[in-house]
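Trainee: I have a protein structure to read. Please show me how to begin.

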Amino acid sequence: MAAPAVLDVAPWDDFRAAACGALEALHERLGWDVWVVTRVVDDRQVVLHAHPPDVIRAGTWLPWADTFCRAMVTGEAPRAATVTAAVPAFAKRMSGPVARIAAYIGVPLVGPDGELFGTLCAWGFRARPRSAARDLHLVETVARLLSTLISLGMTPSDPPVAPRA
């Protein structure tokens, strides 16, 4: 039986619990308005998990071509932008549901064969100070840990179907 002093760091039961725990920790440590783990399915980016969960629902999706994450993954835009309007690839996508995103940080999630699985990202509804770009190393580390879980077969469950964002 595990000693009570270690139970608060016992392994999570599944990918959902690990992802939600990581999102909550990032939110508490780094701030940002909303953190999400997404999956790219065909031509859509689907939210698997979000924190806080009342900002965007699991299952919500956007056309992949219209997302900040796609611009980041393809190298058109950086992984961290404290003022999205100052990044041309983000500025041209600032309409519809993403129009409120004033700051962005995101990292790809990678599957077992090096293929894109989805992303770990956060949005700010106001511009962030330039120093917030220092958060990127921690976000990359958490993304790598989540990618490791995915690569080891801890497959995320499909989200409930939700409307387009």
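Mentor: We will go from the overall fold to the charged side chains.

Mentor: This is a predicted model, where local features need pLDDT of at least 70, side-chain atom pairs count only at pLDDT 80 or more, and totals for chains, interfaces and linings use all residues. Residues are numbered from 1 along each chain as its sequence is written, and side-chain values use heavy atoms, with hydrogens and water left out.

Trainee: How many helices and strands does the protein have?

Mentor: Helices (H or I, at least four residues) and strands (E, at least two) are DSSP runs, numbered from the N terminus. This protein has four helices and six strands. Along the sequence the pattern reads α-β-β-β-α-β-α-β-β-α.

Trainee: What does the radius of gyration say about the protein?

Mentor: The radius is taken over C-alpha atoms, and the globule rule is 2.2 Å times the number of residues to the power 0.38. For 165 residues, a compact globule would have a radius near 15 Å; the protein has 16 Å, which agrees. Its C-alpha atoms fill a box of roughly 55 × 35 × 30 Å along the principal axes.

Trainee: What share of the residues counts as buried?

Mentor: Buried means under 20% relative accessible area, exposed over 50%, and partly exposed in between (1.4 Å probe, protein chains only). Here 44% of the 165 residues are buried.

Trainee: How many salt bridges does a search of the whole structure find?

Mentor: A salt bridge is a side-chain nitrogen of Lys or Arg within 4 Å of a carboxyl oxygen of Asp or Glu. The search finds four. In one of them, Glu76 meets Arg70 at 3.2 Å, N to O. Glu76 is partly exposed at 36%, and Arg70 is partly exposed at 26%.

Trainee: Which parts of the chain do Glu76 and Arg93 link?

Mentor: Their side chains form a salt bridge at 3.8 Å, N to O. Glu76 sits in the loop between helix 2 (68-73) and strand 4 (80-81), while Arg93 sits in the loop between helix 3 (88-91) and strand 5 (103-110), 17 residues apart. Arg93 is buried, with a relative accessible area of 9%.

Trainee: Where do Glu140 and Arg79 lie?

Mentor: These two side chains meet in a salt bridge at 2.9 Å, N to O. Glu140 lies in helix 4 (residues 136-151) and Arg79 in the loop between helix 2 and strand 4, so the pair ties together parts 61 residues apart in sequence. Glu140 is partly exposed at 25%, and Arg79 is partly exposed at 33%.

Trainee: Which residues do shared partners join into one network?

Mentor: Arg70, Glu76, Lys92 and Arg93 are joined by salt bridges that share partners.
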